[in-house]
Amino acid sequence: MAGAMAGVMAPVLPEAFADLERFVPEWVQPDAEHRMAKRLSTDMAAIKDFYAAMLDRGEAVLAWLRGYALGELPPEGENLLRLMLMLAEVAPAVEWYDNQRVYDGFPVERLRYLHQISDTAAQV
Amino acid sequence: MNEMSKPPVPGIGITAKYPEVGTGPVDTAIYHDPAIYEKEMAAIFRRSWFMIGRVEQVAQPGDFFTFYMPTFRQEVLVCRDRNGEVRAFHNVCTHRGNVVEHRREGHSNGLFTCRFHGWSFDLQGNLKGLRDEEGFFGLDKTCLGLKPIPMGLWQGFIWVCPEDEPHQSLEEFLGDQGRDTAGYPWGACTQFYQTEAEVACNWKLVNDSPAEVYHIPVLHPNSAAPTMMASGNVMGRLLDVEVRGNHRTNSHYSVMGEPKPVQKLAYYHAAAAQNVVRDDLEYEMPVGINATRSPFWTVDLIMFFPTLAFTLSAGMYTAHQVWPLGPNKSIYHQRVFVRPATTAAERFGQENTMVEYRDIVMEDFSTLERIQRALDSGQIREFHYHDHEFALRHQHHVVSQTLAAYDREQAGEI
């Protein structure tokens with residue numbers, strides 16, 4: 001793995017959530033627009049696998065995130081937050097539609113994002 | 001079971017409160033006729049004010065944003081000057097007409113410099129620098145500043161008027177609706193997502209989409225309906241509609257149902273500012289919001305005719321805005337405003353709110369281009385409105401009355 005050469009490997013996720021590391025390469029996305037695209041381009045079996053694993057750990061993850069002011073997360077904490085933001089993105093696909101897409105909906109890719117809330121920057 | 005679990009289901013009788021609006025079927029011509037659309041532009045749109053942003057977007061002197069008003073093909077530059085005043089200009093260089101600021105938002109060091117020939121303007125719009133000035137012929141630089149656009153502030157929202165001489169003041173335009181909804185903590189929701197889409201439909205269809213909840217149990221069976229229609233309100237009735245001049249507000253009745261699993265995480269563990277009844281408000285609810293003071297209130301749809309509707313709950317709100325481009329073409333703007341997250345967990349609650357609202361609007365919007373097709377082809381010539389679709393009937397009434405008054409005005413009768 002990258003980083004091993006240096007002898008010290010930066011953790012991908014906080015230690016307590018190492019079980020979720022397999023999701024980091026694909027499911028940590030830089031912003032909401034990319035999260036929407038990831039949902040639309042992923043098959044439902046993979047979405048449900050991610051959803052189930054994250055939901056199972058959701059309360060614990062949020063309890064951990066509550067210990068940090070937004071804007072002060074270490075890098076591995078930012079990855080963990082971004083996994084949770086991805087859970088928010090895929091929740092309707094699983095809970096409402098059983099499909100990546102809004103059932104019979106207006107094509108969501110016709111929405112252009114003009115302004116986004118930063119994933120990790122301080123807000124207060 | 002507590003008392004809240006058996007609320008009364010709202011009755012029929014909204015339309016009867018406003019007999020002047022009528023009860024019959026309405027002609028759909030105003031939804032597609034090009035001549036009517038042209039008249040609407042003159043009689044309604046050029047005489048209205050338009051919200052283009054909030055003061056928080058220009059928090060510090062030098063902060064700016066630009067906004068394109070597609071209906072008028074006008075580009076606006078908003079900034080805060082060194083005295084702390086918000087200013088709005090036509091974003092047009094007085095040399096040859098290029099934009100003086102091409103970025104969507106940012107911070108200026110004090111000068112906006114056109115990227116065409118380098119003319120520069122200060123935060124008050126004064127022309128400060130022009131290259132190779134000796135090659136011009138008797139220019140009066142004092143007359144070549146950026147042209148201000150009529151601008152006004154209401155509750156931190158920045159409004160502009162496309163006409164140099166507004167037909168009415170912003171205060172007159174906002175009327176009782178503005179007065180009765182002032183005081184809500186509009187500025188507390190400092191964080192927002194903003195998206196836009198082009199939709200092949202008349203502007204009124206975009207307004208109609210959230211303006212009735214008769215459709216909720218049918219169009220939103222798995223999303224909005226289970227949480228909003230719990231408690232036996234199976235027909236999706238409103239608490240009330242209150243007309244204030246050309247504007248109006250729908251008060252939504254609902255009782256929180258059983259949230260879905262991820263909603264539970266957001267509501268219970270991440271302080272998501274959801275549409276839930278709250279009794280711990282840190283502000284006094286203005287008289288124009290939840291006007292019936294019902295304990296079963298969740299959301300008001302606050303319409304500022306002709307193009308802006310807020311869906312507003314105790315803790316957050318969205319702005320649903322349409323910019324007409326033609327009789328069957330519009331630009332839709334959606335803004336989701338939420339309170340700032342303190343902890344990293346609360347950021348998840350914000351995202352949940354945005355995604356839910358976005359997907360529910362996508363459900364709503366499935367109908368728009370299909371309806372427009374039926375209108376354009378003459379397949380539907382009348383609309384028959386339910387009592388709880390009163391807001392649509394009122395819009396039809398306001399448009400028809402305004403166009404008729406405009407006709408009389410043009411004929412010199414008033």
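Two strands are taken to pair if DSSP finds at least two bridges between them. In this predicted model, strand S1 (residues 112–115) of chain A and S12(B) pair in the antiparallel sense over three bridges. Within that pairing, Arg112(A) has Glu196(B) of S12(B) as its bridge partner.

**Contact between the chains**

- Chain B places 34 residues in contact with 38 residues of chain A.
- On chain B, at least two residues of the side that touches chain A are supplied by each of strand S12 (191–199), helix H6 (261–269) and helix H7 (344–365).
- H7(B) gives the largest share of this side of chain B, namely 14 residues.
- By class, the residues of the side of chain B that touches chain A comprise 16 nonpolar, eleven polar and seven charged.

**Helices H6 and H7 of chain B**

- The axes of H6(B) and H7(B) come within 9 Å of each other and cross at roughly 130°.
- H6(B) and H7(B) are therefore oblique to each other, as an angle that falls between the roughly perpendicular range, 65 to 115 degrees, and the roughly antiparallel range, over 145, counts as oblique.
- The crossing of H6(B) and H7(B) is left-handed.
- H6(B) contributes Val262(B), Gln263(B), Ala266(B) and His269(B) to the contact, while H7(B) contributes Ala345(B), Phe348(B), Gly349(B) and Asn352(B).
- The contact of H6(B) with H7(B) has four nonpolar residues, four polar residues and no charged residues.

Key. Residues numbered from 1 in each chain as written. Chains lettered and ligands numbered in written order. Predicted model: local features only at pLDDT ≥ 70, side-chain atom pairs only at ≥ 80, totals over all residues. Contact = placed C-beta atoms within 7 Å. Helix = DSSP H or I, 4+ residues; strand = E, 2+ residues; numbered from the N terminus. Nonpolar A, V, L, I, M, F, W, Y, C, P; charged D, E, K, R; others polar. Axes fitted to C-alpha atoms, helices over the stretch in contact; angles between N-to-C directions. Parallel < 35°, antiparallel > 145°, perpendicular 65-115°, else oblique. Left-handed = near helix turned anticlockwise from the far one by under 90°.
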